[in-house]
Amino acid sequence: MHRDTPDKKKGYTYVVKNGLASLIDDQIFIPNSFIPINEKTILISDSFKGLVWSVSFDEKKIKKELWKDFGKNFSPDGGCKINEKIFFCFWGDASIQVFNLKGDLLQKIKMPFKNPTNCKFDDKNNLLWVTSARESLNNLDLRVFPESGDTIVFKLKY
C-alpha cells in the first residue's frame with residue numbers, strides 16, 4: 001500500500017507457501033485485516049475503500065468475493081475471529097463491530113480511542129487485546145480520546 005496516495009497507487013497482497021510468493025490481488029488499496037475463517041478462506045479488508053473481501057484458496061485457483069461493503073465512510077482496519085464471530089476495528093469510528101460469518105452486524109462496542117487498529121483474542125484467558133493509533137488526531141480528538149495510541153485488554157464473556 002502507498003502511505004501518502006493510496007487512491008492512486010494500489011497495494012499488493014501475496015500468499016507465501018513453501019517459500020514461494022504468489023500474488024493474490026493487486027486491486028486492494030489499503031489491505032489490512034487478514035482473518036482466517038477456515039483452512040481455505042480468509043477475510044481481507046481494504047480500509048481505503050471500506051470493503052472486506054473473502055478470499056478462498058484451493059489447489060488450482062484463488063477466488064475473491066465481496067464479503068461486505070461498508071462504504072467510504074467506514075474504514076475496517078484490523079480484526080480477528082472469535083468462535084463464529086468476526087470482530088473488526090473501525091478506524092475513525094471509535095468502535096469494534098461484531099459480525100456473524102455472513103456479514104450481519106451483531107454488536108457495536110464503543111472504544112476509548114477514535115482509531116482502533118487491530119484486535120487479537122487470547123482464548124486461554126478470554127481476553128481481547130485492542131491496539132489504537134494517535135495518527136491523524138487533532139488536539140480536540142486527543143482531549144476526547146486521551147487513551148489514543150494505547151493498547152487495552154477486555155475480558156470477554158464468550
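**Close-up views of a predicted model**

**View 1. Phe88 is buried in this predicted model, with a relative accessible area of 0%.** Buried means under 20% relative accessible area, exposed means over 50%, and partly exposed lies in between (1.4 Å probe, protein chains only). Phe90 also has a relative accessibility of 0%, so Phe90 counts as buried. As the model is predicted, local features need pLDDT of at least 70 and side-chain atom pairs count only at pLDDT 80 or more, while totals for chains, interfaces and linings use all residues. Residues are numbered from 1 along each chain as its sequence is written, and side-chain values use heavy atoms, with hydrogens and water left out.

**View 2. Aromatic rings around Trp67 and Phe88.** A pair of aromatic rings is described by the distance of the centres and the angle of the planes. Rings of Phe, Tyr and Trp (its six-membered ring) pair if their centres lie within 6.5 Å; planes under 30 degrees apart count as stacked, over 60 as edge-to-face and the rest as tilted. The count comes to 9 aromatic pairs. In one of them, Trp67 and Phe88 are tilted, with 6.0 Å between centres and 50° between planes. Trp67 sits in strand β6 (residues 62-69) and Phe88 in strand β8 (residues 85-91), so the pair ties together parts 21 residues apart in sequence. Trp67 and Phe88 are both buried. Phe88 also pairs with Phe90: the centres are 6.5 Å apart and the planes stand at 70°, so this pair is edge-to-face. One aromatic cluster holds Trp67, Phe70, Phe74, Phe88, Phe90 and Phe99.

View 3. Asp77 is buried, at 7% relative accessible area. Contact means heavy atoms within 4.5 Å.

**View 4. Ile30 in the loop between β2 and β3.** Strand β2 spans 20-28 and β3 spans 31-36. Ile30 is buried, with a relative accessible area of 16%. From Ile30 to Asp104 the C-alpha distance is 23 Å, and 74 residues separate them in sequence.

**View 5. Positive phi at Asn126 and at Ser136.** Asn126 is not a glycine, yet its phi is near 55°. The residue lies in the loop between β11 (116-122) and β12 (127-132). Asn126 is partly exposed, at 22% relative accessible area. Ser136, also no glycine, has a phi of about 75°. Ser136 belongs to the loop between β12 and α1 (139-144). Ser136 is exposed, with a relative accessible area of 58%.

View 6. Helices (H or I, at least four residues) and strands (E, at least two) are DSSP runs, numbered from the N terminus. Along the sequence the order is β-β-β-β-β-β-β-β-β-β-β-β-α-β. The C-alpha atoms fill a box of roughly 50 × 40 × 30 Å along the principal axes. Of the 158 residues, 42% are buried. Among contacts with a separation of 6 or more, 35% join residues 24 or more positions apart.
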